[in-house]
Amino acid sequence: NITPNRGIEIADFVTIIGNKTTINTYSYANKLITPIPLSTKFTTKFPKNRNIEKTRRNFIWLGGGGAVHKGLDLVLEAFYQMPDFNLTVCGPFKAEKDFVQAYHKELFETSNIKAIGFVNTGSSQFIDIINNNIGLIYPSCSEGQAGSVVTSMHAGLVPIISKNSGIDIDGFGKILQENSVNEIKKSIKEIASLSKKELLKQIKKSWGYANKNHTREKFTKEYTKFVKKLIKE
């Protein structure tokens with residue numbers, strides 16, 4: 001839980017890690033807000049050897065704590081209803097005992113769902129997982145800018161994400177408008193049914209966008225620009 005505060009109301013200058021969707025949640029404060037793009041700890045070489053035909057029906061959910069907040073319940077329900085599609089679940093959900101109890105069947109007794117748990121995104125294990133999947137499904141209800149989405153795009157996964165994830169995508173992936181189980185199922189099927197050529201194009205665009213907009217160098221450049229403007233004014 002986050003303690004309520006009036007920081008945005010009393011601030012003279014505001015930066016935010018997020019996009020227009022994130023910024024609009026603070027529109028009531030009527031402040032000029034400068035967006036700073038999320039950086040990433042790990043970058044990945046372009047996955048040129050990914051077998052698209054073998055992986056086109058394989059997706060991952062990758063997230064931190066707060067399984068329901070980040071939409072894992074919806075994703076599990078969607079894949080439980082789609083036995084011809086495969087889901088790999090990566091994140092610390094096992095620490096959430098009530099969630100594991102409620103979704104034990106989907107997590108551990110469903111043949112097309114593999115519940116791994118926490119994975120170090122800088123490890124060879126994560127690279128192996130990525131190479132066996134085509135996309136990320138992440139219907140989070142609220143984020144600043146989702147690090148799991150940025151990490152997945154750097155690894156060349158096609159994102160299917162909520163608009164609340166705070167990530168802009170341009171000409172690739174899908175933005176969920178409703179975050180419903182039916183919309184998730186429909187979006188997964190649409191991505192999986194794309195031609196090999198189009199899927200390769202989507203992978204390239206996802207990887208390219210992350211490397212252009214979400215790196216330490218980009219973060220440094222944008223934050224330096226903000227500080228220089230601050231000093232000048």
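Two strands pair if DSSP finds at least two bridges between them. Helices (H or I, at least four residues) and strands (E, at least two) are themselves DSSP runs, numbered from the N terminus.

## Before we start

What you're looking at is a predicted model, where local features need pLDDT of at least 70, side-chain atom pairs count only at pLDDT 80 or more, and totals for chains, interfaces and linings use all residues. Residues are numbered from 1 along each chain as its sequence is written, and side-chain values use heavy atoms, with hydrogens and water left out.

An open sheet is built from 6 strands in the order 5-4-3-6-7-8, with parallel pairing. Strand 5 and strand 8 are the edge strands, each pairing on one side only. From one strand to the next, the twist averages 20°. (Axes are lines fitted to C-alpha atoms, for helices over the stretch in contact, and angles run from 0 to 180 degrees between N-to-C directions.)

Helix 7 touches strand 3, strand 4 and strand 5, and its direction makes about 140° with that of strand 3. Helix 8 touches strand 3, strand 6 and strand 7, and its direction makes about 170° with that of strand 6.

## A closer look at the strands

Strand 6 and strand 7 run parallel and are joined by 4 bridges. Along this pair, tyrosine 138 sits opposite isoleucine 161 of strand 7. On to strand 3, which also runs parallel to strand 6, with 2 bridges joining them. Here isoleucine 60 has leucine 136 of strand 6 opposite.

In a regular strand the side chains alternate between the two faces of the sheet. In strand 6, Gly135 and Ile137 point one way while Leu136 and Tyr138 point the other, and all are buried. (Buried means under 20% relative accessible area, exposed over 50%, partly exposed in between, using a 1.4 Å probe and protein chains only.) Strand 5 (residues 113-117) has a covered face made of Ile113, Ala115 and Gly117, plus an uncovered one with Lys114 and Ile116. Strand 4 (residues 86-90) pairs with strand 5 in the parallel sense over 4 bridges. Cysteine 90 has glycine 117 in strand 5 as its bridge partner.

## Helix 8, tucked inside

How much of helix 8 is buried? In helix 8 (residues 147-154), 7 of the 8 residues are buried, so the rest of the structure largely encloses this helix. Those buried residues are Ser148, Val149, Val150, Thr151, Ser152, Met153 and His154. Their cover includes strand 3 (58-62), helix 7 (124-131), strand 6 (135-138), strand 7 (158-162) and helix 10 (196-213). Just past the end of helix 8, glycine 156 has a positive phi of about 85°.

Now for helix 10. The axes of helix 8 and helix 10 come within 7 Å and cross at roughly 120°. Helix 8 brings Val150, Met153 and His154 to the contact, while helix 10 brings Ser206, Trp207, Tyr209, Ala210 and Asn211. Sorted by class, that contact of helix 8 with helix 10 has 5 nonpolar, 3 polar and no charged residues. (Ala, Val, Leu, Ile, Met, Phe, Trp, Tyr, Cys and Pro count as nonpolar, Asp, Glu, Lys and Arg as charged, and the others, Gly among them, as polar.)

## Helix 4 meets helix 9

Two packed helices are described by the angle between their axes and the distance between the axes. For helix 4 (residues 72-80) and helix 9 (residues 181-192), the axes come within 9 Å and cross at roughly 60°. The two helices are therefore oblique to each other. (Angles under 35 degrees count as roughly parallel, over 145 as roughly antiparallel, 65 to 115 as roughly perpendicular and the rest as oblique.)

Helix 4 passes helix 9 in a right-handed crossing. On the helix 4 side, Leu74, Val75, Glu77, Ala78 and Phe79 meet Val181, Ile184, Lys185 and Ile188 of helix 9. The contact of helix 4 with helix 9 divides into 7 nonpolar, no polar and 2 charged residues.

## Two asparagines in loops

Asparagine 30 isn't a glycine, yet has a positive phi of about 55°. You'll find asparagine 30 in the loop between helix 2 (20-24) and strand 2 (33-35). Is asparagine 30 exposed or buried? Asparagine 30 counts as exposed, at 70% relative accessibility.

Asparagine 179 has a positive phi too, near 60°. Asparagine 179 lies in the loop between strand 8 (174-176) and helix 9. With a relative accessible area of 15%, asparagine 179 is buried.

Conventions:
Contact means heavy atoms within 4.5 Å. A crossing is left-handed if the near helix is turned anticlockwise from the far one by less than a right angle, and right-handed if clockwise.
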